[in-house]
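Hi,

Here is the structure I promised to pass on.

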Amino acid sequence: MFAQLSLFFRNSIFSALLNNRTLVKQLLCPDLYCPFPSQINKHIDVLEEYALEWVLRFNLLANESTYKRFCKSKFFFLAASAYPDSNLEELKIAHDWLSWVFIWDDQCDLSDLGKKPKVLKVFHQRFLEILNGAQVTNQDIAVTVALNNLRERTLQKGSLTWFNHFICSFEKWLQGCVEEATIRARGIVPDLDTYMMIRKSSVGVDAFLALTEFCHNLMIPNYLRKHEKFIQMQFLTGHIIACCNDIFSASREISNGDVNNLVLVLHEQFKIPLNQAVNRVAEIHNTAVQKMVDLETSLPKFGEEADTEAAKFILGMHYWIRSNHDWYSQTGRYQSLEGLELTRN
């Protein structure tokens, strides 16, 4: 009964917000602190021409709405700016990983599947089997077949040791998707602590940073991965990107009645207006960026070779923070109230 009342209350809030489209459109991004310079891969034009090739070959854009949404998203720009030093073939693979993740993320966010954590677990278990070497069968869906292709292409360029590290990061993201689906199924707005714990995984940044190693041919030693400050910097990168995403995607989440957004969590928990919630998320973002900048200056020395790899990986974190920020000015993914149309489809 409590869950039903909570769901009714939440839907009432979203209905009121959705009817006030002027308010939703006024959820514009405040100034976000980003001191890292923009970079772009020299292969961006080739990547743009390639962008649709792989997703169409594996039938990942099932209808016109999905096709239009993918084209507007401009994942090629995100990949080219997140991995500016990558060779073309590695860049294509990274782009296809991004495309796969966002396409599946849309399935989790914008359909009934996103409210069925038990069903999601079944799909995710199969994904992990494929990534660990299981053979594709005629029972597998298109995204599973595409995932198998990604595994094969990635292993042609990357080491098995690195790929196992990537799988661990990928599994954390899948678990975050299940936890978000559990929240939707319960029909509640999560409290701040619960949301932040889930968002750490669901943002998926650890997997995307692992692709930095793949694209930029880095060799990060295990002792460096496990260093407290290195872990903290990677966490801050994900936190910064999540805050940025939640600001830009707030209108879409409102349109879809999705509660998994920090703006909406603060709005509900602290009973503050949406514009104040946006500003508070911006403050959290800016504080995290400054903390990351300060943390870099306190990193110890690990030896010449390890220091070189660490510096390149930290630069990769900068690339991701900046590219994510810049991407929102390029993508049409969050710039409209298309969530209504997506929900209907």
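**The pocket**

The largest pocket has 32 lining residues, and nearest its centre are Lys172, Lys200, Asp206, Ile231 and Gln234. Its volume is about 610 Å³. Before going further: this is a predicted model, where local features need pLDDT of at least 70 and side-chain atom pairs count only at pLDDT 80 or more, while totals for chains, interfaces and linings use all residues. Numbering runs from 1 along each chain as its sequence is written, and side-chain values use heavy atoms, with hydrogens and water left out.

On terms, everything sits on a 1 Å grid over the protein atoms alone: a pocket is an open set of points with protein on both sides within 12 Å along at least five of seven lines, a cavity is a set where a 1.4 Å probe fits but cannot get out, and lining residues have an atom within 4 Å of a point. Grid points are joined across faces, edges and corners, and a volume is the space filled by probe spheres set on the points.

Helix 13 has the largest share, with nine residues. By class, the pocket lining splits into 16 nonpolar, eight polar and eight charged residues. Here Ala, Val, Leu, Ile, Met, Phe, Trp, Tyr, Cys and Pro are nonpolar, Asp, Glu, Lys and Arg are charged, and the others, Gly among them, are polar.

**The cavities**

There are two cavities of 30 Å³ or more. The largest cavity holds about 410 Å³ of space, and among its 33 lining residues Phe102, Asp105, Arg199, Val203 and Asn245 are closest to the centre. Helix 9 brings the largest share of this cavity's lining, six residues. The classes here are 17 nonpolar, six polar and ten charged.

Helix 9 has 27 residues and spans 39 Å from first C-alpha to last, close to the 39 Å expected at 1.5 Å a residue (that is, 1.5 Å times one less than the number of residues). Just after helix 9, glycine 187 has a positive phi of about 70°.

Setting aside neighbours within four places in sequence, the contacts (heavy atoms within 4.5 Å) of tryptophan 97 include Leu131, Leu147, Phe163 and Phe170.

**Burial and overall make-up**

Why is helix 5 (residues 75-82) largely enclosed by the rest of the structure? Eight of its eight residues are buried, so the rest of the structure largely encloses it. Buried means under 20% relative accessible area, exposed over 50%, and partly exposed in between, with a 1.4 Å probe and protein chains only. Helix 3 (44-57), helix 4 (64-73), helix 6 and helix 17 are among what covers those buried residues.

Overall, the protein has 18 helices and zero strands (E runs of at least two residues). Of its 345 residues, 56% count as buried.

Cheers

Definitions and conventions. Helix = DSSP H or I, 4+ residues; strand = E, 2+ residues; numbered from the N terminus.
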